[in-house]
Amino acid sequence: MVPADRRAGVPLSMNGLAADSAWLEPVPWLPALAPLWPLALLAALALPPLRTTVLGLARWAALPALLIAIAAPAAALPLPGLLLGGSLQLDAAGRWLLAAVGLLWLAAGWLAVDWLRTPTRATAFLLAMAGALWLPLAGDLPSVLAASVLAAYPLYCLLGGTRGGRVLLVSVVIADLLVLEALLLMAKGGAGLDLRALQAALPEAKGHGIVLTLLLLGFGAKAGLMGLHYWLAPATQEAPAPQLAQMVAFTLAAGLLPLLRLLPLAGAHWPSAAALLAWLTLAGCLWAAAAGLLQAAPRALTAYTLSALTTLWLGLMALGLDQPAAGAASVPVEGVLPAVFALSGVGVGALLLAGGATQRHGRLVGWLLALLSALLAVLAVLGALLVTTAGGDAVHHPLIGALVCTGLLLGASVGAAAERACAPGSGREYSVSAMLVAAGLVMLVLGLLPLSAAPPTAGDWPLDRLVAPGAALLGGFAAGPITRRLLARLPRIPPGDVLVIIGYLTARLVGAWRRLGAVIGGWRNGLITAGAQVYQRLDRLSTPENGERRLRRWSTATLLLLLTGVVLALLVRSG
């Protein structure tokens with residue numbers, strides 16, 4: 001029996017969605033079951049008698065992870081023999097993201113009932129799920145990199161080797177190299193491998209600006225930040241319905257969560273970095289709005305909406321770098337941002353699937369489902385604004401413009417999801433999208449529990465910092481469908497706009513390299529031919545027979561004349 005004082009010390013909601021689960025605390029290895037269960041099913045898949053049963057259970061393999069996120073207490077499990085001293089931890093941030101990832105993978109499994117009928121597909125499905133469920137629990141950076149690889153490589157197989165999948169695979173390789181370089185730079189300064197130790201050491205690290213840049217580029221590519229988003233829209237447009245939720249889960253767990261755990265949101269004072277990130281957020285959201293509103297496919301538009309949201313989250317995290325007390329209301333930024341990340345991910349996942357329900361259930365049903373899905377993301381942004389109102393004008397003003405752009409894309413996505421141009425979906429897409437919306441509403445209620453437990457004062461939420469951002473977001477959301485219709489006659493931009501430019505430049509570079517190789521090859525062949533000719537001539541001159549033959553060609557008079565000239569030259573020199 002756990003003492004009453006110990007039970008009273010269990011925090012509400014943020015450290016356990018069920019506060020009365022402290023009786024599970026003697027089981028620190030319980031979170032490890034989340035990624036191990038899919039791997040156990042994968043091992044059982046190799047046994048022919050169990051193969052049929054495993055194929056039926058594979059779609060529900062994320063259910064234990066969801067239950068762990070709901071009921072398990074906070075725990076930390078050191079793994080000294082794994083990856084230079086790895087660890088698993090279930091904290092407030094990991095709990096919310098584990099719940100969101102578990103929901104999205106359950107949605108993917110529900111949609112993949114007819115698809116998961118072969119061991120090959122089930123193998124890729126379970127491997128990718130294990131990596132995705134490991135990411136929210138990873139307590140050190142090497143474990144994050146290993147889990148990211150385990151999640152990304154099978155996801156490429158699930159995407160069927162499409163162009164977006166190939167670009168995703170290349171992006172993950174380059175991103176991991178950048179993050180590894182950042183880890184080496186921090187390790188040179190004596191920092192450990194634990195995420196909390198790295199977060200504490202980052203402000204004092206030598207060359208912390210370079211380290212911060214490497215981390216933003218590495219994890220930003222996995223999160224689909226604008227500028228590094230070139231894989232997200234093509235992959236979303238080409239992916240089958242079961243893989244849509246998986247890609248959203250990957251951006252949350254492999255991109256946003258590591259950034260949240262590594263950025264020193266409350267322990268550093270970098271006003272210049274915060275201002276730079278805020279203006280980059282505005283530029284990225286403007287880019288997303290300009291490219292997203294000119295997309296022909298509704299899925300691609302929703303992908304740009306996801307990129308705008310992840311870019312906006314980066315800007316809101318930048319408020320924590322503006323001053324140490326940024327967002328220091330009754331609820332800390334580190335406690336609320338994971339909840340809104342999870343809520344927005346569930347909302348975008350439901351929005352992607354809502355378009356497939358339009359063909360089977362009509363425009364009105366599709367529009368209502370898309371509206372509810374987008375409202376989850378809107379409420380997530382509004383919730384983030386409640387705890388990030390502090391900050392200087394250099395950070396606050398650019399974020400208002402970013403909120404307008406994000407609202408425009410969310411509103412336009414709602415209108416696009418109700419169009420007949422959406423890809424026809426199965427009857428399950430409607431049910432799965434509705435399930436995600438209902439789960440998102442439950443997560444919203446649970447996220448509000450800390451506010452009811454410790455209600456903030458009026459000074460914590462200044463109205464002048466809340467009214468303008470909220471009006472910007474809601475105004476953009478209302479104007480989104482109209483703006484998309486007004487821009488309908490403009491030329492369309494292909495998904496992954498930067499990818500088209502990169503592909504063109506790469507093709508030109510490869511063509512120029514081949515032409516240069518042909519020119520150099522021609523020069524090389526010419527030199528070889530000339531050298532062979534010179535060698536042949538020298539070889540003919542070097543033999544005595546050739547020399548005697550040449551001398552025989554000269555006449556006797558010519559030889560006497562040459563001999564006389566030589567004698568005269570010697571006489572003149574001696575005289």
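Trainee: Which helix gives the most residues to the lining of the largest pocket?
Mentor: In this predicted model, the elements that each give two or more residues to that lining are H10, H13 (271–292) and H14 (298–322). With eight residues, the one that gives the most is H13.

Trainee: How many charged residues does the lining of the largest pocket have?
Mentor: The largest pocket holds about 400 Å³ of space, and among its 19 lining residues the closest to the centre are Leu-216, Leu-225, Leu-277, Leu-280 and Leu-314. By class, the lining has 13 nonpolar and six polar residues, and the number of charged ones is none.

Trainee: Are H8 and H10 roughly parallel or roughly antiparallel to each other?
Mentor: The axes of H8 and H10 (residues 208–223) come within 8 Å and cross at roughly 155°, and the crossing is left-handed. Among the contact residues are Leu-178 and Leu-185 of H8 with Leu-214 and Phe-219 of H10, and the contact as a whole divides into 13 nonpolar, one polar and three charged residues. Angles over 145 degrees count as roughly antiparallel, and therefore H8 and H10 are roughly antiparallel.

Trainee: How many nonpolar residues are in the contact of H7 with H8?
Mentor: The axes of H7 (residues 141–158) and H8 (residues 163–188) come within 10 Å and cross at roughly 170°, so these two helices are roughly antiparallel. Leu-145, Val-149 and Tyr-156 are among the H7 residues that meet H8, whose side of the contact includes Leu-169, Val-172 and Asp-176. Besides two polar and two charged residues, the contact has nonpolar residues numbering 14.

Definitions and conventions
Residues are numbered from 1 along each chain as its sequence is written. This is a predicted model: local features need pLDDT of at least 70, side-chain atom pairs count only at pLDDT 80 or more; totals for chains, interfaces and linings use all residues. Side-chain values use heavy atoms; hydrogens and water are left out. Axes are lines fitted to C-alpha atoms, for helices over the stretch in contact, and angles run from 0 to 180 degrees between N-to-C directions. Helices (H or I, at least four residues) and strands (E, at least two) are DSSP runs, numbered from the N terminus. Angles under 35 degrees count as roughly parallel, over 145 as roughly antiparallel, 65 to 115 as roughly perpendicular and the rest as oblique. Contact means heavy atoms within 4.5 Å. Ala, Val, Leu, Ile, Met, Phe, Trp, Tyr, Cys and Pro count as nonpolar, Asp, Glu, Lys and Arg as charged, and the others, Gly among them, as polar. A crossing is left-handed if the near helix is turned anticlockwise from the far one by less than a right angle, and right-handed if clockwise. On a 1 Å grid over the protein atoms alone, a cavity is a set of points where a 1.4 Å probe fits but cannot get out, and a pocket is an open set with protein on both sides within 12 Å along at least five of seven lines; lining residues have an atom within 4 Å of a point. Grid points are joined across faces, edges and corners, and a volume is the space filled by probe spheres set on the points.
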